[in-house]
Each structure stands twice: as structure tokens, then as C-alpha cells.
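Please look through the sequence and the structure shown below before reading on. The briefing that follows takes up a few topics in turn.

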Amino acid sequence: MPDDGLHPYYREHKARILAEFRESLRLASLPEAERLALGERFLSAANQDFLRAQAQASQTGADPHDFVYRFVEPGLTPEGEAFSFGIDYTECGFCKLCRRNGDEDLLPHLCALDGEYYALRGIDLKRSTTIAGGDGRCNFRFRALRPAA
């Protein structure tokens, strides 16, 4: 086991952060049709059902270091834009990890990756609040990207 002073749980989360970054790089190298198919699966009714269940399970707070969130049914953003579904994170595992280890400076960069990560899959992410930015939640709203007219 590495002697980096990190609790094993945080070492695992640090690995998850790096894995998410590597996944973004991998996605960028996939053919567009494959990336868009991943996006369609993410936006699918089956995945929404899965995310509803996962959101409900997160509410137990069984793991104090993990994410807690709720599923948001389709609706409109404050700007009046329709979205397919949303996720409101009320606790962020990445924020917890970074704050615990004094790495808060990483948080804006991690948050900035979200939009690009979803766009690679043909998904438009709207988010006007972030826990890392001092808000009480991260309000993710998803919809399929529309081709430019």
C-alpha cells in the first residue's frame, strides 16, 4: 500500500477522479457514432429508471464520503429551456475528497470537465449552481444536443 498519508477510501476516490479524466480522453478518441450512441443510452428511459433508484439509495447516507443526490423529472431550466431529466447533487464526493486533502484548487477544473464530458456524447449539460462554488447543490440538467441550424 502506498504511504501517501491518504486514507484508503480517499486514495480510491482520487483514483476515481483520475479514471473519470482518462474516460473523457478515451471518449474523445471514439468515433462520433459510438460517442452519440453512449449519449442516447445515458438519456434513455432505462437509464433514467436506474438513476432514480440510485438517487433514492444515495439518500441513506450509508457512505459519508460519497455523493448524495436526487433525480429531477423532465422540466424547464430557470431560463425556460426544456431538459430530459436532471440530477441535483446535495453532497459531492469529489468536494469531500478535495477539501479533506487540501486540494480545493482542483474543484473548478473537475467541474469544468463535466460539460465537455457530456458534450462528447451528444448531451447538453446545463448547470447554474455547484457545491464547489459555494452553492447548496449542483443542478445538472440534461438534454440531447441539437444540431446547429
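In which helix does Asp114 lie? In this predicted model, Asp114 lies in helix α5, which covers residues 107-119.

**Asp114 and its contacts**
- Asp114 is buried, because its relative accessible area is 11% and the cut-off for buried is under 20%.
- The side chains of Asp114 and Arg127 are joined by a polar contact of 2.5 Å, and, leaving aside residues up to four places away in sequence, Asp114 touches Glu20, Leu125, Arg127 and Phe140.
- Arg127 also lies over the face of Phe140, at 5.0 Å from the ring centre.

**Helix α2**
- Helix α2 has twelve residues, 32-43, and reaches 17 Å from its first C-alpha to its last, which is close to the 16 Å expected at 1.5 Å a residue.
- Its buried residues are Arg35, Gly39, Phe42 and Leu43, and they sit on the same side of α2 because they cover an arc of only 90° around the axis.
- On the other side of α2, Ala33, Glu40 and Arg41 are exposed.

**Aromatic rings**
- The count of aromatic pairs comes to twelve, and one of them is the edge-to-face pair of Phe67 and Tyr89, with 5.6 Å centre to centre and 65° between the planes.
- This pair links distant parts of the chain, 22 residues apart, with Phe67 in the loop between α3 and β1 and Tyr89 in strand β4; both residues are buried.
- Phe71 and Phe85 form a stacked pair, with 5.4 Å centre to centre and 10° between the planes, and they link strand β1 to strand β4.
- One aromatic cluster includes Phe42, Phe71, Phe85 and Phe140, and Arg121 lies over the face of Phe42, at 5.2 Å from the ring centre.

Notes
Residues are numbered from 1 along each chain as its sequence is written. This is a predicted model: local features need pLDDT of at least 70, side-chain atom pairs count only at pLDDT 80 or more; totals for chains, interfaces and linings use all residues. Side-chain values use heavy atoms; hydrogens and water are left out. Helices (H or I, at least four residues) and strands (E, at least two) are DSSP runs, numbered from the N terminus. The expected span of a helix is 1.5 Å times one less than its number of residues. Buried means under 20% relative accessible area, exposed over 50%, partly exposed in between (1.4 Å probe, protein chains only). The arc is that of the directions from the helix axis to the C-beta atoms. A polar contact is a pair of N or O atoms within 3.5 Å; within protein, one must be able to donate a hydrogen and the other to accept it, and residues adjacent in sequence count only if both atoms are side-chain atoms. Contact means heavy atoms within 4.5 Å. Rings of Phe, Tyr and Trp (its six-membered ring) pair if their centres lie within 6.5 Å; planes under 30 degrees apart count as stacked, over 60 as edge-to-face and the rest as tilted. A charge sits over a ring if NZ of Lys or CZ of Arg is within 6 Å of the ring centre and within 35 degrees of the ring normal.
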